Amino acid sequence: MEIVTLTYKRPPDRVNHFQQELLYLDDDVIVTSQRVKPSSPIVQNGEIVLADNFAAVWFVFTGLWYDVGKVYNLDNEWTGYYCDILKPVKRSLDKIGQLNCFEITDLFLDLWVNPDGTYEIQDEDEFEEAIQNGAIDAELERKARDVLTALITEVESGSLEHQVQEIINRTKFRDLRDYIEQLPQD
């Protein structure tokens with residue numbers, strides 16, 4: 001697999017670089033995978049659904065203000081979707097037109113979606129703190145809240161699941177779980 005660099009920005013001045021495996025690329029989406037290191041685990045209904053070394057397949061959509069990570073636990077079982085509210089992706093191509101890195105700017109608000117379609121908003125406290133500290137201005141605050149509301153509507157209608165499945169079908173992976181089982185663990 002090809003490796004691509006994700007430049008992850010978080011206002012006001014946090015910048016990280018992550019190496020991810022590029023699984024699929026077209027004009028509409030970048031699909032990558034990695035083992036994750038969240039700042040803290042996510043627990044839903046008494047079960048850990050996101051923690052260190054869990055696998056995520058990321059769907060970063062061109063022109064949209066969110067991405068979707070399909071998350072798998074250490075037993076390679078799908079635990080849910082992690083959706084980041086963010087500015088639309090910026091792509092960087094090398095001299096021959098190949099993707100060598102892409103950049104996202106995280107807007108703090110996140111949405112965890114369980115396999116049964118229930119969901120929980122994440123990091124509202126960090127979002128409010130960013131607003132108070134001036135890292136997020138009023139226009140960006142409104143946009144982030146509007147995107148979160150629209151994303152919840154997509155989850156409730158089933159269109160988010162349909163959108164992700166459509167991309168999975170394009171990647172030619174019959175089952176992402178087969179791929180996840182081969183990802184090395186730290």
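In this predicted model, the side chains of Glu126 and Arg10 meet in a salt bridge, with N and O 2.6 Å apart; a salt bridge here is a side-chain nitrogen of Lys or Arg within 4 Å of a carboxyl oxygen of Asp or Glu. The pair links distant parts of the chain, as Glu126 sits in helix H1 (residues 124–132) and Arg10 in strand E1, 116 residues apart. Helices (H or I, at least four residues) and strands (E, at least two) are DSSP runs, numbered from the N terminus. Glu126 is partly exposed at 25% relative accessible area, whereas Arg10 is buried at 11%; buried means under 20%, exposed over 50%, and partly exposed in between (1.4 Å probe, protein chains only).

Arg10 also forms a salt bridge with Asp106, the closest N and O atoms being 3.5 Å apart. Since Arg10 lies in strand E1 and Asp106 in strand E9, this pair ties together parts 96 residues apart in sequence.

Strand pairing tells a related story. E1 (residues 2–10) runs antiparallel to E2 (residues 14–25) over nine bridges, and Arg14 is the bridge partner of Arg10. With E9 (residues 99–113), E1 pairs in the parallel sense over five bridges, among them that of Tyr8 with Ile104. Two strands count as paired if DSSP finds at least two bridges between them.

Residues are numbered from 1 along each chain as its sequence is written. Local features need pLDDT of at least 70 and side-chain atom pairs 80 or more, while totals for chains, interfaces and linings use all residues, and side-chain values use heavy atoms, leaving out hydrogens and water.
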